[in-house]
Amino acid sequence: MRRRAQGDTPKSGYTSVMCIICVELAKQAMTPSEARRALREMTKLDKDHVAEVEAKLRQAEADAATTKP
Ligand SMILES: [Zn+2]
């Protein structure tokens, strides 16, 4: 079994549904506040998925608050 580089490992708990916000968040290419703004513009997103993204945002914000250098 090959180990993937750190940062390239998908977190368990992710569903197969991934929008651009999830992708960017997973890569940490987007800050939670940018993602929130993007989420508001993503009107085509599923309600369920919006809730999922919001949960990820809360998690990302909590991580950002606790992993300050
Ligand atoms: Zn998504």
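**Figure 1. Where helix 1 meets helix 3.** In this predicted model, Ile21, Cys22 and Leu25 of helix 1 make contact with Val53, Lys56 and Ala60 of helix 3. Sorted by class, the residues of this contact are five nonpolar, no polar and one charged. The two stretches to look for are residues 20–27 for helix 1 and residues 47–66 for helix 3. Their axes come within 11 Å and cross at roughly 20 degrees. Helix 1 and helix 3 therefore run roughly parallel to each other, an angle under 35 degrees being the cut-off for that description. The crossing of helix 1 past helix 3 is left-handed.

**Figure 2. Where helix 2 meets helix 3.** Here helix 2, residues 32–41, packs on helix 3 at an angle of about 165 degrees, and the two axes are 9 Å apart. That angle makes helix 2 roughly antiparallel to helix 3. This crossing, too, can be given a hand: helix 2 and helix 3 cross in a left-handed way. On the helix 2 side, the contact is made by Pro32, Ala35, Arg36 and Leu39. Facing them from helix 3 are Val50, Val53, Leu57, Ala60, Glu61 and Ala64. The contact of helix 2 with helix 3 comprises eight nonpolar residues, no polar ones and two charged ones.

**Figure 3. Where helix 1 meets helix 2.** To complete the set of helix pairs, this view turns to helix 1 and helix 2, which pack at an angle of about 170 degrees with their axes 10 Å apart. Helix 1 and helix 2 are therefore roughly antiparallel to each other. Ile21, Glu24 and Leu25 represent helix 1 in this contact, while Ala35, Ala38 and Leu39 represent helix 2. By class, the contact of helix 1 with helix 2 holds five nonpolar residues, no polar ones and one charged one.

**Figure 4. The largest nonpolar core and Val53.** Which residues form the largest nonpolar core? There are five: Ile21, Leu25, Met30, Ala35 and Val53. In soluble globular proteins, nonpolar side chains tend to be buried together. For the chain as a whole, 10% of the 69 residues count as buried.

Figure 5. Is Gln28 buried or exposed? Gln28 is exposed, because 11 other C-beta atoms lie within 10 Å, and the cut-off for exposed is 12 or fewer. Gln28 sits in the loop that links helix 1 to helix 2. The backbone is worth a look as well, since most residues other than glycine have a negative phi. Gln28 is not a glycine, yet has a positive phi of about 60 degrees.

**Figure 6. Ala62 on helix 3.** Ala62 belongs to helix 3. Ala62 counts as exposed because it has 11 C-beta neighbours inside 10 Å.

Figure 7. To place the previous views, follow the protein chain along its sequence, where the pattern reads α-α-α. How many helices and strands does the protein chain have? The protein chain has three helices and zero strands.

Key. Residues numbered from 1 in each chain as written. Predicted model: local features only at pLDDT ≥ 70, side-chain atom pairs only at ≥ 80, totals over all residues. Core = buried A, V, L, I, M, F, W, Y, C linked by C-beta atoms within 7 Å. Buried ≥ 20, exposed ≤ 12 C-beta atoms within 10 Å, placed from the backbone. Axes fitted to C-alpha atoms, helices over the stretch in contact; angles between N-to-C directions. Helix = DSSP H or I, 4+ residues; strand = E, 2+ residues; numbered from the N terminus. Parallel < 35°, antiparallel > 145°, perpendicular 65-115°, else oblique. Left-handed = near helix turned anticlockwise from the far one by under 90°. Contact = placed C-beta atoms within 7 Å. Nonpolar A, V, L, I, M, F, W, Y, C, P; charged D, E, K, R; others polar.
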